[in-house]
Structures are given as C-alpha cells and as structure tokens.
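Subject: A structure for you to explore

Hi,

I'm passing a structure on to you, as promised.

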Amino acid sequence: MPTLLAIEIGLDPNIVSLGGLTISWLGAFIVLAILAGAWLAFRFALREPVNLDPDHAYNLVPIVVVSGIIGARLLFVLERYGDSSSLDSPLEIFAITEGGISIYGSLIGGAIGGWAYGLWKHLPCAATADAAAMGMLLGIAIGRIGDVINGEHLSRASNLPWAVIYTHPGSPSYLEGAQHPVVAYEIVGALAILGTLLLLWRRSPRPGVVFAAAFLGYAVMRFSISFLRIDRKEPILGLSTPQVVSIVVGLVALPLLLYFLKREPAREEVGQT
C-alpha cells in the first residue's frame, strides 16, 4: 500500500554483542519493564488501602517475576504446539534466550504465583493484586517499546501518517512495507487503562476490583487490536491465538469483577495491622 508519510525505523534490533552475549532492544526494555513495574506495584502495595508489610512486598516481587517468566514461556510453547515452529525436544522449553515468550503468559503466571504466595502467608490477596495490576500495566507499556523498535510483530498494511516502515535487514518486518504500529497501539492502550485504574483507585473501590478491571480492560484492548496483526495462526473461527486467550481471560475477569464489586471485604483484606 503506497503512502506519502510514514515513520522509518532503521535501528538494529540488537544493541551490542559481547562475546556470546547479545543485548537486544527487546531484552533491554523487558528488564526495564520488570524494574519499573515492580517499583510501581511496590509503592502501591505500601499505601492505603493495602498497607502490605514491606518484608512481604520484597518477597512478592521475585516470586511474581519468576512465575511470570515461567508462564510467559509455557504459554508461548503451548501456542505453537504442533506447528513448524514447535520445539524439537522438551528441554527447549527452558531455552528462553533462544525462543520467544508470551505476554499473556507472563500476566497469568505472575498472577497465579503472587496469589499463591498471598494465600500461603495469609496476606490481603485481593488488595495486593490491585497494587500489582498497576505495575503490570506499566510493565506492558515499557516492555512493548522494544517490540516497536525491532518490528517483531507483523501488522496489516497502512497508508496512515503514523504507519511504520522497518529499513534494517535484521528486523522481522524488513521489506514488509508501511504497516500499522500495532504494538504502539497496545502501549497507548495499556497507559490508558493504567490512567483509568488510577482514577478508580482514588475512589477506594473494594479489594480486587482494580485487579479484575485491569485484566478485563487489557483483554478487550488486546482482542481489538489483534485484528491488525497478521503474524499469528488462526485456530478458532478465524480468530488469532491472542484473541482466543483474550476471550478466555475476559470470561474469567468479568465474573471476578462482579464478584469483587458485590463482596463485602473481610477485615484482613482491608490492610495489614
């Protein structure tokens, strides 16, 4: 599709190679996303109405990060089970540096790991999950910057002024022409959801409402923008894998949201004493 105006991105997806270690833009921004997301979640966890003990907050951060990484890799592998890009051996599941990860898997894995730790330590799980949701959305927005730089995800052609063209031969989108910056749309969407949740937080909703609203909002946003992506197989009714996962997440998040809205918070959910 011809376009008179487009944004050219010609950066090498890899920043530098040191011996056998290659540092990519994607990897660098994933690290920044983890640090920034953990920082924001930690700050909210120490505030009203959560009031989490700092020791538990410090313990939660690595648990959520590690379980998120595990979930990200497992879902990535499951999404590609049976196709030409599937793994040659089960041990390759752990080869994160040689394969990809799923952002949905990281969110689901992190939520499961954090909630399990909260139940084990008798923490205010719903309120703590609200704080974690803030960091989750900030992490998504920052981590996706690396995807924008390297053109990891192919998108539909576009002649809009903000269409992007990747001119570096190392980019997966090299020679694909002008396309929608669909990952940039996701960044804007994640920040918009985060801003909405900040307003919701100020209204002191019942514990768990912010957490469920975050997952529901992200599922709706991700389902919508995935129509512009063309790099995913279509397993069910012409829907891509991220859209199918979005539907599942939405079907879980919506009842949870209604449940938290109606539930009277227990004393331990109000905060730590």
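Below is what I found, going from the whole chain to a few details.

Please keep in mind that this is a predicted model, where local features need pLDDT of at least 70 and side-chain atom pairs count only at pLDDT 80 or more, while totals for chains, interfaces and linings use all residues. Residues are numbered from 1 along each chain as its sequence is written, and side-chain values use heavy atoms, with hydrogens and water left out.

**The whole chain**

The protein chain has 8 helices and 4 strands; these are DSSP runs, numbered from the N terminus, with helices being H or I of at least four residues and strands E of at least two. Along the sequence their order is β-β-β-α-α-α-α-β-α-α-α-α. Of the 273 residues, 44% are buried (under 20% relative accessible area, with exposed over 50% and partly exposed in between, using a 1.4 Å probe and protein chains only).

**The core**

In soluble globular proteins, nonpolar side chains tend to be buried together. Here the largest nonpolar core has 59 residues, a core being a set of buried Ala, Val, Leu, Ile, Met, Phe, Trp, Tyr and Cys residues joined through side-chain atoms within 4.5 Å. Helix H4 (125–150) gives the largest share, 14 residues. Leu137 is among the residues with the most contacts inside the core. Leaving out residues up to four places away in sequence, Leu137 touches Ala190, Ile193, Leu194, Leu197 and Ala214 (contact means heavy atoms within 4.5 Å).

**Two packed helices**

Helix H6 (residues 209–225) has 17 residues, and 13 of them are buried. How do H3 and H6 lie relative to each other? Their axes, lines fitted to C-alpha atoms over the stretch in contact, come within 12 Å and cross at roughly 170 degrees. H3 and H6 are therefore roughly antiparallel (angles over 145 degrees, on a scale from 0 to 180 between N-to-C directions). Tyr104 and Trp115 of H3 are among the residues making this contact, as are Phe215 and Arg222 of H6.

**A loop residue**

Leu11 sits in the loop between strand S1 (7–9) and strand S2 (14–18). Is Leu11 buried or partly exposed? Leu11 counts as partly exposed because its relative accessibility is 43%. Leu11 touches Trp25, Ile149 and His168, again leaving out residues up to four places away in sequence. Leu11 and Pro169 are 158 residues apart in sequence, yet their C-alpha atoms are 9.5 Å apart in space.

Enjoy exploring!

Conventions. The expected span of a helix is 1.5 Å times one less than its number of residues. Angles under 35 degrees count as roughly parallel, over 145 as roughly antiparallel, 65 to 115 as roughly perpendicular and the rest as oblique.
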